[in-house]
Amino acid sequence: MSEVLGVTAQAGEVEWQRRYGSALMNTFGPPQRVLVRGEGCYVWDSEGTRYLDLLAGIAVNALGHAHPTLTGAIGAQLNTLGHISNFFASPTQIALAERLLQLVVPGGAPEGSRVFFTNSGTEAMEAAVKLARKHGGTERPRLLALEGGFHGRSLGALSLTHKAAYKEPFGAMPVDVVHLPFGDVAALEEAFAGDVGIAALVVEPVQGEAGVRPLPPGYLVRARELTREHGALLVLDEVQSGMGRTGAWMAHHHPEIGGGAVPDVVALAKGLGGGFPVGALVALGEGPASVLTPGTHGTTFGGNPVAAAAGLATIHVIERDGLLDAVTERGEQLRTGVEALDHPLVAGARGVGLLLAIELTAPVAPDVARAALDAGYVVNAVAPTAIRLAPPYVLSQAQAADFLADLPAVLDSVRSS
Ligand SMILES: *Cc1c(COP(=O)(O)O)cnc(C)c1O
């Protein structure tokens, strides 16, 4: 295989880093390591060093690395029918759409609900923007989003993303978006006061890139009432928080987050394919589901048979192996373990299931992440004072315990340096 790929040369980290720097566009900064292999919750770098992967490709590898059921399903589908274009349909695509319609709303999506497949979270959100704009028309052109929100980097999705540094180099954004203070019901009510032409409110039930922040109880219920009253759509970006990541299929299914509110549109990606790129936009009910008609949107790769097989296999394993409960248990173990640390750099833990942040008392998250990597753990400095943990759902109790046991020494090394 390595001969086919032309990577037979036995390069080490230094050589790979040099080649990376002269071949790859510098959009991400230098990579932390060059990884060559993964199995379960572990990955190995080019020099053979093993790491426990507590980030899972940013909340993507739900089943860990090289899960045999997932790779088997992908391989079998690829050997049967790989790509066909959306002039045609495939059984896996149809079956995955049906499965998502069962999962996105407890007890099943309402009559008339439909799915649009994409290859990424950004594309799912881009489709959501187009759906909302077409639904709102010229009467209701404005979208509402939240401060701290992250929804992707294409220009439509970027309009929804809050961070100014991501947008400033690119001039005027194509979509009229107003960003409201996070979790602030009064600000939400004010935004809807007087009919100002709002097409949709777009929120993450648990903000991921902002540092793992769940919406406060009651917010989504009020958001549902206000959007319904004003003919606006409630769009939930569950790209990071969905597909079991929080111990429920969708983060908004947790009563303290969703309060029973049923959205109009849900965007999914990250964990959906267990590591294979696949995204989806699920529109709930006849109205939202019939906005995008033939000719108004499309994709070449979206919903291809292999991506759909990856989604089906991932969902199958989550159900077969009881992984939603495992996520809840490991999440509790990590959260209580972090809270019990009594370390001067640790302020606490927040998040739901296996979408967690270790809150730090000082803005040293990048140093902590570096020290953790040197100690054999992949984590992420999601904010200056927050370390994100988003491990595979198959993380074992012993693996979580290993991390908790080594964490004080990691933190000590940062404090003394
Ligand atoms: C990652 C993410 C996106 C973008 O998804 P990509 O697959 O990177 O395009 C959008 N919304 C949220 C909430 C995300 O976490």
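Select Gly 121 and the ligand together: a backbone N or O atom of Gly 121 lies 2.9 Å from an oxygen atom of the ligand. The model is a predicted one, in which local features need pLDDT of at least 70 and side-chain atom pairs count only at pLDDT 80 or more, while totals for chains, interfaces and linings use all residues. Residues are numbered from 1 along each chain as its sequence is written, and side-chain values use heavy atoms, with hydrogens and water left out.

**The ligand and its shell**

The protein covers 82% of the 390 Å² of accessible area that the ligand has on its own (areas come from the Shrake-Rupley method with a 1.4 Å probe).

Now select the residues around the ligand, that is, those with a heavy atom within 4 Å of it; they are Ser 120, Gly 121, Thr 122, Phe 150, His 151, Gly 152, Glu 204, Asp 237, Val 239, Gln 240 and Lys 270. This shell divides into two nonpolar, six polar and three charged residues, where Ala, Val, Leu, Ile, Met, Phe, Trp, Tyr, Cys and Pro count as nonpolar, Asp, Glu, Lys and Arg as charged, and the others, Gly among them, as polar.

**Gln 240**

From that shell, pick out Gln 240, which is found in the loop between β10 (233-237) and α11 (255-258); helices (H or I, at least four residues) and strands (E, at least two) are DSSP runs, numbered from the N terminus. Gln 240 is buried, with a relative accessible area of 7% (buried means under 20%, exposed over 50%, and partly exposed in between, with a 1.4 Å probe and protein chains only).

Which side chains are joined to Gln 240 by a polar contact? The side chain of Glu 209 is joined to that of Gln 240 by a polar contact of 3.0 Å, and the side chain of Arg 388 by one of 2.7 Å. Such a contact is a pair of N or O atoms within 3.5 Å; within protein, one must be able to donate a hydrogen and the other to accept it, and residues adjacent in sequence count only if both atoms are side-chain atoms.

**The open sheet**

Next, select the four strands that form an open sheet in the order β1-β2-β3-β15, with mixed pairing. Because β1 (35-39) and β15 stand at the edges with a single partner strand each, one side of each is left without a neighbour in the sheet. Two strands pair if DSSP finds at least two bridges between them.

Strand β2 (residues 42-45) pairs with strand β3 (residues 50-53) in the antiparallel sense over three bridges; here Trp 44 stands opposite Arg 50 in β3, and Val 43 has Tyr 51 as its bridge partner in β3. Their hairpin has four residues between the strands, and Gly 48 takes a positive phi near 90° in it. On to β15 (residues 377-378), which pairs with β3 in the parallel sense over two bridges, and where Val 378 stands opposite Asp 53.

**Two loop residues**

Finally, go to Ala 66, in the loop between α3 (56-59) and α4 (68-80), which has a positive phi of about 55° although it is not a glycine. Ala 66 counts as partly exposed, at 48% relative accessibility.

Ser 85, in the loop between α4 and α5 (91-103), has a positive phi of about 75° and is likewise not a glycine. Ser 85 is partly exposed, with a relative accessible area of 23%.
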